[in-house]
Amino acid sequence: MPTDTLDRMTSSPSLLTPQEEAAFRAEVEAFAREHCPPQVRAAVAANAKLHRAEYSAWQKALHRRGWSAPGWPVEYGGTGWDQKKRYVFEEVTAALDCPPQYHHGIGHIGPVLMAFGSDEQKARYLPGILNGEDWWCQGYSEPGAGSDLASLKTQAVRDGEDYIVDGQKIWTSHAQEADLMYTLVRTDASGRKQQGITLLLIPLDTPGITRRAIQTIDGWHHVNEIFLDKVRVPVAQRVGEEGQAWSYAKYLLDRERVGASAIPQLTQLLRSAQRAVRAHVDAARLPRGRHALEERLLLAEAALIGVRELAVKAIDDARHGRPLGSRPSALKLRCSELSQEIVAIGMDAAGPALASSFRDPEQQGGAEWLGDANWLHNYLFYRSKTIAGGTSEVLRNVIAREIFGA
């Protein structure tokens, strides 16, 4: 991992005085109230499924203000903010029900391109990520290669100045709305399975690509299958060196699991659960039930404070070049479990009567007006949080290997 690039990508110790922080908070709040579209904030407040339209509207507003990439260095169009300013920005916008920024571009492939991409790739792709025009998805998981990602079998064979790609990707989030896919392929099967993996950038309108939706239990369209049949990809679309992408994938996953926005998003979710308890559980009529839910809320809030401190420490270690070890895995594990706990509180407050409200929001022009019924959709959706991005079982193994040296 290029240390100089990582230093620029992560934060420095905050130089904000208390007065400067207060002024910055006020600036962000005023901007968010005026420029985050009301319909987008309403959808976020209702815990609705967000689509490209909502994410893109906010991203374009941020771009016009010069805030489209809080975690990027100035030389690539970012703000150059330190971690304190980034956290304040995320905290204030989440508190005002602004959506998180779409992670596949800003948080994933953008940083990878800055660290490992060619000058031509940076010039071609970074502007579209910043202004919200280009939409990306991640082609990593395959049937039989999910948590064990190094077992992937999608093959890319060199043919002159192109690769010919054949294979299948699965659980590809947001592919139905994406323009491009950053995808791992196997270019050499002769060595260890972590070797011979290459990262390609593939436009999804390339001949030979088929997208197929996967129905999930929550009724929302999140994930897809991608089939690649003799897809021709120019070698110029390869990121970095052939066969070296395992290190790029690990770089991306570590950044994914130590994101600056995870804690404010959980705080936003906790606030929604608190509203649900107040709205649905009468303290006078059901005092024991109300007290039990309030106790669970307090425990969730305490856990959230602990997770925040762990995240701040991890980001500081990354900036100073100290090994992260299993800390990204621990963060992802705890945030996933905590999100499920918070959603379960909201669901328990709203009550099983909501089962009769379960409909397909994709067929109703959006879910923002379904109100409390979204607790049911989200309860089902959040079951996937301990699977997607690394299953909890695998993450516990990663943590155990570091602790016990196994």
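Axes here are lines fitted to C-alpha atoms, for helices over the stretch in contact, and angles run from 0 to 180 degrees between N-to-C directions. Helices (H or I, at least four residues) are DSSP runs, numbered from the N terminus. The model is predicted: local features need pLDDT of at least 70, side-chain atom pairs count only at pLDDT 80 or more, and totals for chains, interfaces and linings use all residues. Residues are numbered from 1 along each chain as its sequence is written, and side-chain values use heavy atoms, with hydrogens and water left out.

**Exercise 1. Describe how H5 and H9 pack: find the angle, the handedness and the residues in contact.**

Step 1. Take the axes. Those of H5 and H9 come within 9 Å and cross at roughly 25 degrees.

Step 2. Classify the angle. Under 35 degrees counts as roughly parallel, over 145 as roughly antiparallel, 65 to 115 as roughly perpendicular, and the rest as oblique. H5 and H9 are therefore roughly parallel to each other.

Step 3. Assign the hand. A crossing is left-handed if the near helix is turned anticlockwise from the far one by less than a right angle, and right-handed if clockwise. H5 and H9 cross in the right-handed sense.

Step 4. List the contact, meaning heavy atoms within 4.5 Å. H5 brings Tyr 87, Glu 90, Glu 91, Ala 94 and Ala 95; H9 brings Ile 263, Pro 264, Gln 268 and Arg 271.

Step 5. Sort by class. Ala, Val, Leu, Ile, Met, Phe, Trp, Tyr, Cys and Pro count as nonpolar, Asp, Glu, Lys and Arg as charged, and the others, Gly among them, as polar. The H5 contact with H9 has five nonpolar, one polar and three charged residues.

**Exercise 2. Find the angle and the class make-up for H11 and H12.**

Step 1. The axes of H11 (residues 327-350) and H12 (residues 373-381) come within 9 Å and cross at roughly 145 degrees. H11 passes H12 with a left-handed crossing.

Step 2. Val 343, Ala 344, Gly 346, Met 347 and Ala 350 of H11 touch Trp 375, Leu 376, Asn 378 and Tyr 379 of H12.

Step 3. This contact of H11 with H12 holds seven nonpolar, two polar and no charged residues.

**Exercise 3. Characterise the second largest pocket.**

Step 1. On a 1 Å grid over the protein atoms alone, a cavity is a set of points where a 1.4 Å probe fits but cannot get out; a pocket is an open set with protein on both sides within 12 Å along at least five of seven lines; lining residues have an atom within 4 Å of a point. Grid points are joined across faces, edges and corners, and a volume is the space filled by probe spheres set on the points.

Step 2. The second largest pocket holds about 230 Å³. It has 15 lining residues, with Glu 91, Thr 267, Leu 270, Glu 301 and Leu 304 closest to its centre.

Step 3. H5 (83-95), H9 (262-280) and H10 (287-319) each supply at least two lining residues. H9 gives the largest share, seven residues.

Step 4. The pocket lining has eight nonpolar, three polar and four charged residues.
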